Amino acid sequence: MKDQITSFKVEGIQARVFAVNSKESVREMQRIHNASYTATAAAGRALSATAMMIMTLKNETDRINAQIKCDGPIKGIVVAANANGEVKVDIYQPMIYIPLKKSGKLDVASAIGKGTLTIVKDLGLKNPYTGNVNIVSGEIAEDFTYYFAASEQTPSVVALGVLIDKNDTVIASGGYMIQLLPDCPEETISYIEKRISEIDSVTAMMEKGMNQLQMVEYIFENRRVEILATKDLNYKCDCSRDRIEKGISMLKKDDLKKMISEDKGAEVTCHFCNSKYEFSEEELQKIYDKIK
Ligand SMILES: [Zn+2]
């Protein structure tokens, strides 16, 4: 089944509700980075959260970047997504090994440790919008929840899960997000809080084979749920030789000079898809001459 992000309207609930199925994208991410199960779970959760955020974008050219910089062994994760549902991920240390918790669960928090979560939204304005918070738990969902509360003043519930079997195969990945609208009455807030405390985890929902609509219907106890919008989600990198060349032309001139005279060329690997781009001494010289 194709990956999809869906936004919902729930009868009598003054909140924006989103859900995502990201299994294929997370599998592709895992394959590209040869990521361990803990790294796959950590980055997969971040991918799902960022994917749901793109449902709030208005223009086709809008983009969202979620950057985690941390002192845990994974060191950092960057998720870049655009309004067309294309997502790509960079994992700084994808091959880390972290033992499972005593409960048998993946220990994502130990992979992340302390650090920051930065969200950059490029909405086509002069300057991108940037919000930055400290990592509060390292479990990713709680960190995005905290980001929405602290940086966007939007009380939210974020639940994310990546289900991985003994052979490191991603069996399911996804999540849901509930964002309260400013006019949400107190009793609805209490209702949502109560439901969140008593319902199954998103991983358990996925284990039962629930799709996004079924998840939302289950959370809100079969209130009438309407699908507002659906978007396909694809792992896709938009790197190109042109872009890499632009990147090289932004290097320090001394560094570029060294690449020409000492290295006699350069091989640049895209962090998001592992594509390799080779530049000969002459090609680097041309770039160097242009920036002179
Ligand atoms: Zn690429």
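Visitor: Is Cys270 buried or exposed?
Guide: Cys270 is buried, at a relative accessible area of 6%. Buried means under 20% relative accessible area, exposed over 50%, and partly exposed in between, with a 1.4 Å probe and protein chains only.

Visitor: What am I looking at, and how is it numbered?
Guide: This is a predicted model, where local features need pLDDT of at least 70, side-chain atom pairs count only at pLDDT 80 or more, and totals for chains, interfaces and linings use all residues. Numbering runs from 1 along each chain as its sequence is written, and side-chain values use heavy atoms, leaving out hydrogens and water.

Visitor: Which protein donors does the zinc ion have?
Guide: Cys237 (SG), Cys239 (SG), Cys270 (SG) and Cys273 (SG), at 2.2 to 2.3 Å from the zinc ion. Donors are N, O and S atoms within 2.8 Å of the metal (3.2 Å for Na, K and Ca); water is not among the atoms, so sites may look incomplete.

Visitor: What about the angles at that site?
Guide: The four donor atoms make angles of 103 to 114°, and the site is tetrahedral. For four donors, that label requires all angles between 85 and 135 degrees.

Visitor: And the spacing of the donors along the chain?
Guide: C-x1-C-x30-C-x2-C. Cys239, in the loop between β11 (234-235) and α8 (241-249), and Cys273, in the loop between β12 (265-269) and β13 (276-280), link distant parts of the chain, 34 residues apart. Helices (H or I, at least four residues) and strands (E, at least two) are DSSP runs, numbered from the N terminus.

Visitor: New topic. How do α2 and α4 pack?
Guide: Helix α2 (residues 37-53) and helix α4 (residues 141-151) pack at about 35°, with axes 10 Å apart. Axes are lines fitted to C-alpha atoms, for helices over the stretch in contact, and angles run from 0 to 180 degrees between N-to-C directions.

Visitor: Which residues meet there?
Guide: From α2, Ala46, Ala49, Thr50 and Met53; from α4, Phe144, Tyr147 and Phe148. Contact means heavy atoms within 4.5 Å.

Visitor: Where does Ile140 sit, and what is its phi?
Guide: Ile140 is in the loop between β7 (129-134) and α4. Its phi is positive, about 75°, although Ile140 is not a glycine. Most residues other than glycine have a negative phi. Ile140 is buried, with a relative accessible area of 1%.

Visitor: What does Arg224 touch?
Guide: Lys9, Val10 and Glu11, not counting residues up to four places away in sequence. Arg224 counts as exposed, at 56% relative accessibility.

How values were computed
Four donors count as tetrahedral if all angles lie between 85 and 135 degrees; four count as square planar and six as octahedral if opposite donors are over 155 degrees apart and all others between 65 and 115; anything else is irregular.
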